[in-house]
Amino acid sequence: MFTTTGDTATATTSHKVVLPFYLYAAIAFLVATVLLLLSANNITEHYFLPHTLAIVHIMALGWGTMIILGASHQLVPVLIEGKLYSDTLALLCFILAALGIPLLSYGFYVFDMGWPAQWGACLVVSAIVLYLVNLAMSMLQSKKENVHAVFIFTSALWLLTTATVGLLLLHNFTQPILSRNSLDYLALHAHFGIVGWFLLLVTGVGSRLIPMFLISKYGNDRQLWWIYGCINAGLLLFIYVFLYSGNRTLLLLPVLLVASGIVLFGNFCYKAYRQRIRKKVDEQMRLSLLSVAMMVLPVVFLVVIVGFLLVADKSQTRLAIAYGFIIFFGWITAIILGMTFKTLPFIVWNKVYHHLAGKGKTPNPKDLFSNVLFQWMGIAYLLGFVLFTAGIVAGHVFTLQLAAVLLITCSVLYNWNVLQLLLHKPDRT
Amino acid sequence: MNVISNNTLRATVALAALQHVVDPEIGLNVVDLGLIYQIDFDEAAKKVYCTMTLTTQFCPMGESITDAARTALQETFPGEDITVTLSFDPAWNHEMISEEGREFLNER
C-alpha cells in the first residue's frame with residue numbers, strides 16, 4: 001500500500017557543521033554594529049570609505065553569507081529531498097570563510113588592498129567553491145528536482161561570481177588588470193551579491209520555509225518560476241546595460257524586472273499567509289514577514305537614485321549610502337533575525353534532546369531561548385534601523401550615533417539569545 | 001486520513017499511545033497531524049509494524065519524531081518487536097490533519 005523509504009529519509013546534517021556558522025555570524029553582526037557607531041561621524045561622506053567598506057563586507061560576508069551558508073547546509077536536505085553530500089566539505093567551507101572574512105575586512109579597514117585583503121578574498125572564494133561543489137554533488141545524488149533547489153544553486157553561482165569579481169577588483173587596485181578603475185565596477189559587484197545571491201536565495205528558500213512554518217495550503221511553482229525569471233533576467237540585463245550601453249534610461253528596465261520579482265514574491269508570501277492553517281503567527285515569523293515587505297524599500301531608493309541620475313545628471317551620495325544600508329541592515333538583517341530563531345532552536349533541540357525523544361518530558365524548541373529578549377531585540381532593531389536611515393538621509397551625526405547604539409543593543413540581545421541556545425544543557429532535575 | 005490496520009482494537013491502543021508523540025515545531029501530536037498511515041500486528045511473531053510519514057522529507061526533527069513513536073509503541077506493547085518505517089508515497093498534505101488537529105491549530 002505505502003512505499004517505505006526507511007531511516008535514510010531522516011538523516012540530517014550534523015549540528016557540529018552548522019552551529020559554528022551561526023556563532024560566527026552572531027559575532028560578526030556585533031562587530032559590524034560597533035564599527036557602525038565608530039564610523040557614524042563620517043559615514044555619510046562617501047560610500048567608498050575604508051570603514052564603510054569594512055562594515056559592508058562584515059555584514060555581507062560575516063553576517064549574511066555565513067548564517068545563510070550554515071542554515072543552507074541544514075536546509076539543503078529539506079529543499080532537495082536528499083542528503084548533504086559531505087559534512088567535511090561544509091566544515092572546510094566554514095574554516096576557509098572564517099579565516100578569509102577578517103583578513104579581507106581588515107584590509108578594507110586599514111585601506112590596504114595588498115596581501116591581507118587579497119589572501120582573505122582568495123580564502124572566501126575557495127570557501128564558496130567548496131560550498132558549490134557540496135551543493136552540486138548533493139543535488140546530483142537527489143532523485144527529485146524542484147524549483148527551490150534551482151533557486152539555491154543559481155544563487156550560489158551568483159555568489160561565486162560576486163566573490164570572483166571582488167577578487168579581480170582587489171587585484172585591479174594594485175596591479176591594473178581591468179579596462180576601467182575598480183571603482184567603476186563596484187555597482188556591478190554589489191548587485192551580483194545583493195540581487196543574485198541574497199535576493200535569489202531568500203526568495204527561493206523563503207518560498208519553501210514561510211508556507212512550511214505557517215502550515216499553509218498555498219503553493220505555486222509557476223509563480224516561483226516567474227520570480228526566478230524576473231530576478232535573473234533583471235540582473236543579466238543590468239550587466240548588459242552597465243557594460244555595453246551608455247543609455248542610462250535603460251537602467252530602469254532591470255530595476256523594473258527585479259521589482260516585479262519582488263512584488264510577485266510578496267504576493268506569494270501574502271497568499272501563503274492568507275491560506276495558513278496555523279492561525280497564530282509567532283514573533284519570529286512576523287519579523288520574517290516584515291522583512292519581505294521591507295524588500296520594497298531599496299527598490300524605491302533605487303528608482304529615486306536612477307531618477308536623479310537621469311534628470312539632474314548627478315549621483316546622490318547619501319541616497320546611495322542609505323540604499324546600501326537598508327539592504328544589509330534592512331530586509332537581509334530582518335529575515336536573519338527572525339529565521340535564526342525558527343531554525344537554530346531545532347538544531348540545538350536535536351543535539352541536546354534527540355536521545356530523549358519519547359522517553360520523558362523535554363522542553364519545546366521555542367522554550368530554549370528567551371522570547372522577551374527577542375521582543376526587545378526586535379524593538380531595538382526597528383527603531384535603530386529607521387533612525388539610522390533617517391540619519392543618513394538628513395546627514396545628522398547625533399541621530400546616526402543614537403541609532404547605532406540601538407543597533408548595538410539589538411546585536412547584543414541577539415548574541416545573548418544565540419549563546420543561550422548554543423550553551424543549552426538539559427535540565428538534570 | 002484513516003489509519004489502516006489488521007487489528008482495529010490493538011490499533012486503537014497504539015494510536016492512543018502515539019497521541020503523546022508531538023511534532024516539536026507544530027506542537028500537534030503525530031496522530032492528529034495525520035502522520036500515521038498504517039499499524040499492523042503479527043501477534044504470533046510478537047511484532048508491531050508502524051508505517052508513518054513526516055510533513056517533509058529530510059525534516060530536521062524527523063529522526064526524533066520516529067524515535068519517539070517507536071518508544072511510545074514499545075512502552076505500550078512491551079516484549080514485542082517494534083518496526084517503524086517511513087513512507088512518502090503518498091506525501092503528507094494538509095488534508096490529512098484531523099478535525100481535532102485543525103481546531104488545535106486554529107486556536108494557536
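Hi everyone, let me start with one residue: I36(B) is buried, because 27 other C-beta atoms lie within 10 Å. For the cut-offs, buried is 20 or more other C-beta atoms within 10 Å of the residue's own, exposed is 12 or fewer, and partly exposed is in between, with C-beta atoms placed from the backbone.

Before going on, a word about the source: this is a predicted model, in which local features need pLDDT of at least 70, side-chain atom pairs count only at pLDDT 80 or more, and totals for chains, interfaces and linings use all residues. Residues are numbered from 1 along each chain as its sequence is written, while chains are lettered from A and ligands numbered from 1 in the order in which they are written.

Back to I36(B), then. This residue lies in strand β2 of chain B. Strands here are DSSP runs of E with at least two residues, helices are runs of H or I with at least four, and both are numbered from the N terminus. What does I36(B) touch, not counting residues up to four places away in sequence? The list is V3(B), L15(B), L18(B), V30(B), V31(B), C50(B) and M52(B). A contact means that the C-beta atoms of two residues, placed from the backbone, lie within 7 Å. I36(B) and N2(B) are 34 residues apart along the chain, and their C-alpha atoms are separated by 8.8 Å.

Staying in chain B, have a look at D32(B), in the loop between α1 (8-18) and β2 (36-42). Is D32(B) buried or exposed? D32(B) counts as buried, because there are 24 C-beta neighbours inside 10 Å. Leaving out residues up to four places away in sequence, D32(B) touches I97(B), S98(B), E100(B), G101(B) and F104(B). For E100(B), 68 residues from D32(B) along the chain, the C-alpha separation is 6.6 Å.

Now some backbone geometry, which I know you enjoy. The peptide bond from D89(B) to P90(B) is cis, with omega near 10 degrees. You will find P90(B) in the loop between β4 (81-89) and α3 (99-107) of chain B. K46(B) is not a glycine, yet its phi is positive, about 55 degrees. K46(B) sits in the loop between β2 and β3 (47-52) of chain B, and it is exposed, because 11 other C-beta atoms lie within 10 Å. Over in chain A, I215(A) also has a positive phi, near 50 degrees, in a residue other than glycine. I215(A) is in the loop between α6 (186-214) and α7 (221-244) of chain A, and it is buried, because 21 other C-beta atoms lie within 10 Å.

Let's move on to helix packing in chain A. Two packed helices are described by the angle between their axes and the distance between the axes. Axes are lines fitted to C-alpha atoms, for helices over the stretch in contact, and angles run from 0 to 180 degrees between N-to-C directions.

My example is helix α1 (residues 15-38) with helix α13 (residues 397-422), both of chain A: their axes come within 8 Å and cross at roughly 160 degrees. α1(A) and α13(A) are therefore roughly antiparallel to each other. That label covers angles over 145 degrees, with under 35 roughly parallel, 65 to 115 roughly perpendicular and the rest oblique. The residues of this contact of α1(A) with α13(A) divide into 17 nonpolar, four polar and no charged. Here Ala, Val, Leu, Ile, Met, Phe, Trp, Tyr, Cys and Pro count as nonpolar, Asp, Glu, Lys and Arg as charged, and the others, Gly among them, as polar.

Next, the contact between the chains. How many residues does each chain give? Chain A gives 30 residues and chain B gives 33 residues. On the side of chain A that touches chain B, β1 (3-4), α2 (50-80) and α11 (317-353) each supply at least two residues. The largest share of that side, four residues, comes from α11(A). Its residues divide into 13 nonpolar, eleven polar and six charged.

Finally, confidence. pLDDT is the predictor's confidence in each residue, from 0 to 100. Chain A has a mean pLDDT of 90, with 96% of its residues at 70 or more. For chain B the mean pLDDT is 90, and 97% of its residues reach 70 or more. For the complex, the predictor gives an ipTM of 0.81 and a pTM of 0.90.
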